[in-house]
Amino acid sequence: MSTLKKYFITGLIVIVPVFATCYVLWVIFKFLDGILGGVLRRYIPVYVPGIGLLLVLAVVLAVGALASRTLRHRVFKGFERWFSGLPLIRYI
């Protein structure tokens, strides 16, 4: 009986995060499809199912690019300040 219990708990550990991720992506998809899909319907008279998915991907990519660029800039500035504080490096 302990083997079944172990399998059940392991299954839950695998399924719950996958389900939670799918649910969050679905909510974001529906939200963006409702907001941005309405805006696009003004310009595109035909309903295109899945345009919300494309918009979700575009938003995620844009946020990732901005965050990566900002983080990279801050890290390089931090290293530059650190190196400029070193006695010999400062003169080079």
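A cavity here is a set of points, on a 1 Å grid over the protein atoms alone, where a 1.4 Å probe fits but cannot get out. Its volume is the space filled by probe spheres set on those points, with grid points joined across faces, edges and corners.

Some ground rules. This is a predicted model, where local features need pLDDT of at least 70 and side-chain atom pairs count only at pLDDT 80 or more, while totals for chains, interfaces and linings use all residues. Residues are numbered from 1 along each chain as its sequence is written, and side-chain values use heavy atoms, leaving out hydrogens and water.

Back to the cavity. How many cavities of 30 Å³ or more are there? The count is one. Which residues line the largest cavity? They are Gly 37, Leu 40, Arg 41, Ile 44, Val 46, Tyr 47, Val 48 and Ile 51. A lining residue has an atom within 4 Å of a point. Six of the lining residues are nonpolar, one is polar and one is charged. In this scheme Ala, Val, Leu, Ile, Met, Phe, Trp, Tyr, Cys and Pro are nonpolar, Asp, Glu, Lys and Arg are charged, and the others, Gly among them, are polar. Helix H1 gives the largest share of the lining, three residues.

Now the overall fold. The protein has two helices and zero strands. Both kinds are DSSP runs numbered from the N terminus: helices are H or I with at least four residues, strands E with at least two. H1 covers residues 2–43, and H2 covers residues 51–84.

The radius of gyration is 24 Å, whereas a compact globule of 92 residues would have one near 12 Å. That radius is taken over C-alpha atoms, and the globule rule is 2.2 Å times the number of residues to the power 0.38. The C-alpha atoms fill a box of roughly 65 × 60 × 15 Å along the principal axes. Of the 92 residues, 7% count as buried. Buried means under 20% relative accessible area, exposed over 50%, and partly exposed in between, with a 1.4 Å probe and protein chains only.

Two distances. Tyr 7 sits in H1 and is exposed, at 55%. Its C-alpha atom is 38 Å from that of Asp 33, 26 residues apart along the chain. Ser 84, in H2, is partly exposed, at 40%. The C-alpha atoms of Ser 84 and Tyr 7 are 56 Å apart.

Last, the rings. The whole structure holds one aromatic pair. Phe 19 and Tyr 23 have ring centres 6.5 Å apart and planes at 20°, so the pair is stacked. Rings of Phe, Tyr and Trp (its six-membered ring) pair if their centres lie within 6.5 Å; planes under 30 degrees apart are stacked, over 60 edge-to-face, the rest tilted. Both residues lie in H1, four residues apart, about one turn of the helix. Phe 19 is exposed at 59%, and Tyr 23 is exposed at 52%.

How values were computed:
1 Å grid on protein atoms, 1.4 Å probe; cavity = no way out; pocket = protein on both sides within 12 Å on 5 of 7 lines; lining within 4 Å.
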